[in-house]
Every structure is written in C-alpha cells, then in structure tokens.
Amino acid sequence: MPATAPSPCPPAPGRVPLLGHAPALLRRPLSFFESTRTDDPLVRIGFGPFHLYLANDPALVHRIQVDTGAFERGRFFEGLAGHFGNPLIASEGAAHSHQRRIVKPAFSRRSVRSHTQDIVEEADRQFSSWRPGTPVAADEALSDLVAAVVLRALFSADLSHDVVRDIRQTLFLIARRLIPRTVFPGFLMSLPTPGNRRFDAAVRRFHAIVDALAQDRRAHPVAAHDVLDVLLKSTHPLTGLPYTDEEVRGEFLMMLFAALETTGTSLTWAVFETTVRPEVQRRMHDEASAVLDAGPLDYDRLKDLSYTRKVVDETLRLHAPMLFTRRARHDVELAGTLVPAGSEIGYSPRAMHRNPDTYDRPRHFDPERGESETGQDLPRGAYFPWGTGPHRCIGEHLAETTMTVALATLVTRWQLRIAPGTRRITESNSSLPHPSSLPLVVTPRT
Ligand code: HEM
C-alpha cells in the first residue's frame, strides 16, 4: 500500500470544455507538447473523447521505456502488428527479444563497419552529381542517399537510382496512411476511396519489390549476413516455422518505415543547420579535410570526425519526434497518480530535448553543448534520440555512420548556401517535423 493516497492527475494547460486540448494543438502544433510542461511530472491531455497521460519528467520518461512489466507498446503498434504480421517493431516480450536476436547481427558495429564503404560510395555518387551554381533540391537528394544506403544494408543489393526512388516514393505513400489505418475501424479502410486504393496499390507494389528480391536471393544465395539473409534462414518465434513471404514483407516494410524518414529528415536538418551557420560549416570542413587528406574515409577513421558527430547529436536533440506512446498493462502509480490499466501514456522527445531545466537556450543549435548536456552527466530520460530499453533503435549505428559520412563528404566537396530567392524554410506540422524544402546552391571547394 502506498503511504499516501494517489492524487488525481492535473490537466495540461490550455484545456477548454468539450474539445479539451484540440484547439491548443491545432493553434500551435509545433510547440504544443513543450507548452504542456509545468511543475507537474505527469499531466493529462485530451482531444474530445480521447485522453492521454503525458510524462514530462526525465525519470518518468525513462521508466516508461524500460519497465516493460508495467508498460506495453499500445494502440499504434498493435495496429501495425495486426496489419503487417507481427514485425519486430510491434512485438513484445519473449517473442520480441527472440526477433531482435535474429536481426541484431545485421545491425552490429561489425556489420556497419562492413557497410561503410557502400556508404562512402553512395555519398560520392550523390554529391558528385551536383553542379556548381545549379540549385539542387537537397531534401530529395539526401533522402535518396539515405534510401540507397539503407536498402544496400538490408538487401545487399546495389539498386539503380530509379528503383531506389520508386521504393522511397512507394513507402512515402504507405507511411502517410499508416497511422489512420492503425487508429480507425477496419471497414473505413476497406472502402474503395481514392486514398485507400492508392494505399493498396502502393502496398502491392512494395510486396512485388520485396518478393522479387527474396526470390532472387533464394535462387542465388550469397554469404551476405544482411537482414534478408537472416530472415530467410530463420524461424519466426511466434509460429516456430520459417518466415513466410507475408512476414518477410511486413518486417521490411516496418524496418524501412522506421529507417528512411527518420534518417532522411535528420540528415536534411543537419545539412540545413550546417548551411545557415558558416562557422559550423567551416569547422566541419576543416575537420573532414584533415581526415580525408590522410586517406579515404573508413569506419575506424570516423572517430576523428568528432565535431561532425557533435553536429549529428545536436541535430537529433533539436529536431526530435513529437510523441511516442505506451499503454499501462495494469494499474500503476506514476509520480503520485494512479494510472488505470489500459491507459495510454505519452512522452515527447521534442519537449524533453528542449527542456530549459536541462539545456541553456534550448531552441538554439549549438554543437558545442559539451558532455554535461548531451553526454553521461545528463539525467536519464533527458536526451534519448534512439530511445532506450528493449525497443531502443536497432539501426542507430547505421544511421549515425550514414549521417557522419554524408556530412563529411558533402562539406569537403562543396561550400553550401541556401538558393537565392528561397522562401523562409519552415518546419512541417508532422510527427517528425521536417524542413519545408532545402534548395541549395553549391560552390566547389578548392
Ligand atoms: C536518425 C535516424 C533514426 C532515429 C532518430 C531513430 C529513432 C528510433 C527510436 C527513438 C526508436 C525507439 C522507438 C520506441 O521506443 O518506441 C527506434 C526504434 C527502431 N528503429 Fe530507429 N531511428 C533511426 C534510424 C533507424 C534505422 C536506419 C533503422 C533500420 C535500418 C531503424 C530501425 C528501427 C527499428 C526496427 C526499431 C524498433 C526496435 C525494436 O522495437 O526493437 N531506425 N528508432
């Protein structure tokens, strides 16, 4: 028995009768979660009939991610599991640990080391196609680069630019309708509306691409040890049978869903921050030139790009996702509030990463924040770009290496500036805000 009775959870500021926090969210979507921060570690937010507890305290945010006895994946991930054959990202407990062990070797440091040459090649290929003085849509180009790298890592296939674009755009169509699919009743999603038809066509297209790659691998086995290889050779922990085509497709769809937008958007923000800060660009250029003067870039020499790594870390701090959620498995006491079983509980990486109690000038981009702000001394739950606990990002080393190699290659080759005449670059209103566009003009480095 707790010593004192649990207290009711206070609502977050900005609530209005009936509509709850919906008007506040619609008015200021990008700063809404930051505006819910009060002295209370846990608040309630509501949108009409839907309610969510929101943790605003680093220790609580950490606990919600690691205590899988009390918190499960919840509504969004259950929807994914139902639609896409229980992929790793949505599974739980022993099955999740087993699934993670199956694919983990394909994401280990050793494996990323072996992919570094591919990343260097893809970065060279992309940035050598840019032309001095000709505006380039850097957001598109960087997303293509990320897709090429991730697809090579997952399938060991050197796919043509057109196929990479096709997969990326197909996934984009699927991702846009994925969240509604997991939230709204199934019958709405099977109505023959143009949106549903586009979604179904994109899924069929994606399946055809993965099936062709899997068939090719079955016909011509290679010692690749990539995700395709390990899935084709493993049994699914929930069935005890070899992965079916359906399960292989679901795993890839979810993995690419987790990989492409996150890495593409973060790299685009890193290039944006570098472009608009000449001093940051100069320091990155000096560091990368010194490293590349001594020989071609490889995995071991990435440690010499310490300033570039700080730019990546600071980008991931400032440009974090809006919200992740979990669900209480049973009644659980959180910061003095009794949260009933079945409640959805959220935490906002964006709000935590912009917390003025943790960071000076939290909205300011400063790669030199130093150890005490992005390193070991921070309280747990204050900086967690990769999440923490059993669902921590499995692609972390691949994403970090891709961003570091891409930035170093870019700044040694080109001097960057925003294309003249560009309208103000703003943040999109989405779960992972991205720049509205990033048109660049580049000048060769001599
Ligand atoms: C900048 C890039 C990336 C960021 C910021 C990022 C962030 C995250 C975060 C925060 C989580 C935890 C989600 C949660 O707790 O609910 C996660 C999970 C995951 N990420 Fe990433 N990610 C990135 C890139 C990648 C890449 C490149 C891949 C794969 C190629 C990937 C695959 C996954 C998977 C499969 C999970 C689920 C792991 C599990 O449930 O065991 N991510 N990611």
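Start at Arg361, which is exposed, with 9 other C-beta atoms within 10 Å. Most residues other than glycine have a negative phi. You will find Arg361 in the loop between α15 (349-353) and α16 (371-374). Helix and strand labels follow DSSP runs, numbered from the N terminus: helices are H or I of at least four residues, strands are E of at least two.

Before moving on, a word about what is on screen. This is a predicted model, in which local features need pLDDT of at least 70 and side-chain atom pairs count only at pLDDT 80 or more, while totals for chains, interfaces and linings use all residues. For your selections, residues are numbered from 1 along each chain as its sequence is written. The chain averages a pLDDT (the predictor's confidence in each residue, from 0 to 100) of 91, and 94% of the residues score at least 70. The model scores are ipTM 0.99 and pTM 0.94.

**Next stop: Leu18.** Select the segment before α1 (22-27), where Leu18 is found. Leu18 also has a positive phi, about 65°, without being a glycine. Is Leu18 buried or exposed? Leu18 is exposed, with 7 other C-beta atoms within 10 Å.

**Now the ligand.** Select the 22 residues that surround the ligand; the closest are Ala259, Thr262, Gly387, Cys393 and Gly395. By class, the shell has 14 nonpolar, seven polar and one charged residues. Here Ala, Val, Leu, Ile, Met, Phe, Trp, Tyr, Cys and Pro count as nonpolar, Asp, Glu, Lys and Arg as charged, and the others, Gly among them, as polar.

**Stay with α12 and go to the core.** The largest nonpolar core has 76 residues, and those with the most contacts inside it are Val150, Leu154 and Leu407. Its largest share, 13 residues, comes from α12. A nonpolar core is a set of buried Ala, Val, Leu, Ile, Met, Phe, Trp, Tyr and Cys residues joined through C-beta atoms within 7 Å. Which residues does Leu154 touch, not counting residues up to four places away in sequence? Leu154 touches Asp226, Val227, Leu228, Phe252 and Met255, a contact being two C-beta atoms, placed from the backbone, within 7 Å. A second, separate core of 25 residues includes Cys9, Val61, Phe71 and Ala382.

**Last, the sheets.** Two strands pair if DSSP finds at least two bridges between them.

- An open sheet of five strands has the order β1-β2-β8-β5-β3, with mixed pairing. Its edge strands, β1 (42-47) and β3 (71-72), each pair on one side only. Inside it, four bridges join β5 (324-328) to β8 (344-347), running antiparallel; zoom in on Phe324, which stands opposite Tyr347 in β8.
- An open sheet of three strands has the order β4-β10-β9, with antiparallel pairing. Here β4 (136-137) and β9 (414-418) are the edge strands. Five bridges join β9 to β10 (439-444), and the bridge partner of Leu416 in β10 is Val442.

Technical notes:
Near = placed C-beta within 6 Å. Buried ≥ 20, exposed ≤ 12 C-beta atoms within 10 Å, placed from the backbone.
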